Amino acid sequence: QEQSIVLHSAGDMKEVVRVKGKSDTLDTEKVTASTTFSSTFISELPILGRDYQDILVLAPGVTDVNKTGNPNIHGARDTDVVTLVDGVSTTDPFTGYFGQNLNIESIQELEVITSAATAQYSRAQGGFASILTKSGGNEFQGTFKFYMRSDRLDGDGAGVEDPELTGGLQGDLAYTQQHFTDLMPFLSVSGAIVRDRLWYYVALQYTREETPVNAISQAFVRPIYGNRSFAKATWQMRPSHRLAFSITLDKERRENLGIDSLT
């Protein structure tokens, strides 16, 4: 015997989806002070230049007054900062300054540790810059970026330097009339050599940077030419074991304008 049942709606039916969220509980046992920058955040920064050193000064307590790429962290010496790339130090052991530049497109995450570093860090009294590089995935991806700066686009030319840097002297008036052009193309590709097992990532960068210099008695443009290459292969040996091999090339040629015996 079959029985037919008919449901009658007393009104319009609607579905309600509630999403609940709460902030993380404060970890009272963690005393490390750090700031983390993701690759997405870095790519959208309106910074002059494409060096990872330009990002370090965005962290609280980090300054680079003389713009050498070797910052001071909470007043410590500029030689007391250690840069780690995938856990490997790239600091020059002789000078204590950064020993190698890095293709900024190869950075997945940059963490600036300013105080209370844990036991896994050492050999620095100021702080640490820990860089995690990108790795390939199963899907093929490629990007191309091109950065350009020129006196034809910058109406103020080289600008006017801070009087504190020039002893209050304006220097040669030709400083604001120098012709310069910065060119920085970036190309990166990534994908799988063996799906789910072996991946690759390659990033290439060419740099042509011309910097106007005010030498008080004269003004000139200091050119820098170079390229930065990064390649990484990642092998998933076992579900809990992964092996990565990476190579970084940093070639730079500076013309002799403005270079002395200490440079």
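Residues are numbered from 1 along each chain as its sequence is written, and side-chain values use heavy atoms, with hydrogens and water left out. Because the model is predicted, local features need pLDDT of at least 70 and side-chain atom pairs count only at pLDDT 80 or more, while totals for chains, interfaces and linings use all residues.

Student: In what order do the strands of the antiparallel open sheet stand?
Tutor: Strands (E, at least two residues) are DSSP runs, numbered from the N terminus. Two strands pair if DSSP finds at least two bridges between them. Here 5 strands form an open sheet with antiparallel pairing, in the order 8-9-10-11-12.

Student: Which are the edge strands of that sheet?
Tutor: An edge strand pairs on one side only. That applies to strand 8 and strand 12 (241–254).

Student: How many bridges join strand 10 to strand 11?
Tutor: Strand 10 also pairs with strand 9, through 9 bridges; in that pairing Leu187 stands opposite Leu204. On the strand 11 side, Gln205 has Arg228 as its bridge partner. Strand 10 (residues 198–214) and strand 11 (residues 219–238) run antiparallel, and the bridges that join them number 17.

Student: Which residue in the turn between strand 9 and strand 10 has a positive phi?
Tutor: Strand 9 and strand 10 form a hairpin with 3 residues between them. The turn residue with a positive phi, about 65°, is Asp196.

Student: Why is the pair of Tyr147 and Phe186 called edge-to-face?
Tutor: Rings of Phe, Tyr and Trp (its six-membered ring) pair if their centres lie within 6.5 Å; planes under 30 degrees apart count as stacked, over 60 as edge-to-face and the rest as tilted. The structure holds 3 aromatic pairs. In this one the ring centres are 5.6 Å apart, and the pair is edge-to-face because the planes stand at 90°.

Student: Where do Tyr147 and Phe186 lie, and how many residues apart are they?
Tutor: Tyr147 belongs to strand 8 (residues 141–150) and Phe186 to strand 9 (residues 181–194). The pair links distant parts of the chain, with a separation of 39 residues.

Student: Is Phe186 buried or exposed?
Tutor: Buried means under 20% relative accessible area, exposed over 50%, and partly exposed in between (1.4 Å probe, protein chains only). Tyr147, at 26%, is partly exposed. Phe186 has a relative accessible area of 2%, so Phe186 is buried.

Student: Which strands stand at the edges of the mixed sheet?
Tutor: This open sheet has 5 strands in the order 1-6-7-4-5.

Student: What is the volume of the largest cavity?
Tutor: On a 1 Å grid over the protein atoms alone, a cavity is a set of points where a 1.4 Å probe fits but cannot get out; lining residues have an atom within 4 Å of a point. Grid points are joined across faces, edges and corners, and a volume is the space filled by probe spheres set on the points. Among the residues lining the largest cavity are Tyr52, Asp78 and Phe98. Its volume is about 60 Å³.

Student: Which strand gives the most to the lining of the second largest pocket?
Tutor: A pocket is an open set with protein on both sides within 12 Å along at least five of seven lines. The second largest pocket is lined by 16 residues. With 3 residues, the strand that gives the most is strand 4 (residues 81–85).

Technical notes:
Helix = DSSP H or I, 4+ residues; strand = E, 2+ residues; numbered from the N terminus.
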